[in-house]
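Here are some notes to read alongside the model. Please keep the sequence and the 3D view open while going through the points.

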Amino acid sequence: MKKVPLRKCVATGEQLPKKELIRIVKNKEGEVSVDPTGKKNGRGAYLKRSLDAIELAKKILNRVLDTEIPEEIYEELKTYA
């Protein structure tokens, strides 16, 4: 049986399979982007694919990634949810 990688949602604190989460990445230049592949370089944070988790993340992601998250990122996240 193959091991399923688990990651923790920064908003809800749930441990979920990596494929059920969306990754947000801050690269070395400080740019923040959504990473649907899960393979971009940089500091990553995982979010559950739900509108509730995205709303909770608005308060948390700035602290986790140590930068200001643009509103466009949240709009893009809602398309994945």
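1. How many bridges join strand 3 to strand 5? Six bridges do so, and strand 3 (residues 21-26) and strand 5 run antiparallel. Strands (E, at least two residues) and helices (H or I, at least four) are DSSP runs, numbered from the N terminus. Within this pairing, Ile22 stands opposite Leu47 of strand 5.

2. This is a predicted model, where local features need pLDDT of at least 70 and side-chain atom pairs count only at pLDDT 80 or more, while totals for chains, interfaces and linings use all residues. Residues are numbered from 1 along each chain as its sequence is written, and side-chain values use heavy atoms, leaving out hydrogens and water.

3. Three strands make up an open, antiparallel sheet in the order 4-3-5; two strands pair if DSSP finds at least two bridges between them. Strand 4 (32-35) and strand 5 are the edge strands, each pairing on one side only.

4. Helix 1 (residues 51-65) lies across strand 3, strand 4 and strand 5, at about 165° to strand 5. Helix 2 (residues 71-80) also lies across strand 3, strand 4 and strand 5, at about 5° to strand 4. Axes are lines fitted to C-alpha atoms, for helices over the stretch in contact (heavy atoms within 4.5 Å); angles run from 0 to 180 degrees between N-to-C directions.

5. Gly44 belongs to strand 5 (residues 43-48). Leaving aside residues up to four places away in sequence, Gly44 touches Arg23, Ile24, Val25 and Leu65.
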